[in-house]
Amino acid sequence: MFIKKFSFTSAIFLLVFIVQESLINQLTLPAGGFSLFLILTLVWAALSTPEVAASVGFGAGLLLDLSPSTNGPLGHWTLILVLLSFAISFFSYSDENMRGNPLSLIFMVTVGQAIALIAYVGSGFLLGLAATGFSQTITTIIGSSIWTLVITPLTLPAIAWLHNLAFESRMRL
């Protein structure tokens with residue numbers, strides 16, 4: 001049973017990662033665009049137990065670290081997504097009303113995505129990575145948050161359906 005859940009989840013994340021890297025990253029959207037892969041990771045974490053969310057955050061972070069579009073050291077995204085996925089799952093798992101309410105999930109994913117980008121830029125600064133100007137960074141974070149706020153309601157039903165398929169849960173949004 002564990003192998004089936006792990007294989008199905010890995011296939012979903014790998015497919016969305018490939019779509020993100022090959023199609024979505026090629027779009028030139030105003031104010032930074034969005035990350036479908038990050039949305040998938042954070043929604044999946046919000047719907048899962050904290051242990052599963054940390055595992056998903058580790059796998060997703062490892063894929064983002066190996067992505068050609070990121071320039072940080074190996075483990076940079078992994079650390080951020082493990083901590084953020086666990087935190088999102090911990091907060092949503094302790095309150096059933098949070099998990100069952102689509103508006104709270106959308107808000108949590110949008111805020112989580114902004115926190116992930118801020119943590120990536122902040123820890124990258126501490127690690128000595130080259131960064132853009134402050135105004136460009138703020139514009140990208142705010143723009144990406146707005147795009148996430150727009151895209152998450154469109155993808156939430158599909159992600160919840162895939163999560164239900166993977167974990168055979170009866171939870172409804």
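This is a predicted model: local features need pLDDT of at least 70, side-chain atom pairs count only at pLDDT 80 or more; totals for chains, interfaces and linings use all residues.
Residues are numbered from 1 along each chain as its sequence is written, and side-chain values use heavy atoms, with hydrogens and water left out.

**View 1. Helix α1 (residues 2–22) against helix α3 (residues 50–66).** The two axes come within 11 Å and cross at roughly 30°. Axes are lines fitted to C-alpha atoms, for helices over the stretch in contact, and angles run from 0 to 180 degrees between N-to-C directions. Helices are DSSP runs (H or I, at least four residues), numbered from the N terminus. α1 and α3 are therefore roughly parallel to each other (angles under 35 degrees count as roughly parallel, over 145 as roughly antiparallel). Thr9, Phe13, Leu14 and Phe17 in α1 are in contact with Val56, Ala60, Leu63 and Leu64 in α3 (contact means heavy atoms within 4.5 Å). By class, the residues of this contact are seven nonpolar, one polar and no charged. Ala, Val, Leu, Ile, Met, Phe, Trp, Tyr, Cys and Pro count as nonpolar, Asp, Glu, Lys and Arg as charged, and the others, Gly among them, as polar.

**View 2. Helix α2 (residues 36–47) against α3.** The axes lie 9 Å apart, at an angle of about 170°. That makes α2 roughly antiparallel to α3. Phe37, Thr41, Trp44 and Ala45 in α2 meet Ala53, Val56, Ala60, Leu63 and Leu64 in α3. Eight residues of this contact are nonpolar, one is polar and none is charged.

**View 3. The second largest pocket, lined by 16 residues.** A pocket is an open set of points on a 1 Å grid over the protein atoms alone, where a 1.4 Å probe fits, with protein on both sides within 12 Å along at least five of seven lines; lining residues have an atom within 4 Å of a point. Nearest the centre lie Phe6, Thr9, Ser10, Ser55 and Val56. α3 gives the most to the lining, with nine residues. The lining has ten nonpolar, four polar and two charged residues.

**View 4. The largest pocket, with about 970 Å³ of space.** Of its 32 lining residues, Ser69, Trp77, Leu117, Tyr120 and Thr140 are the closest to the centre. The largest share of the lining, six residues, comes from α6.

Terms used:
Helices (H or I, at least four residues) and strands (E, at least two) are DSSP runs, numbered from the N terminus. Angles under 35 degrees count as roughly parallel, over 145 as roughly antiparallel, 65 to 115 as roughly perpendicular and the rest as oblique. Grid points are joined across faces, edges and corners, and a volume is the space filled by probe spheres set on the points.
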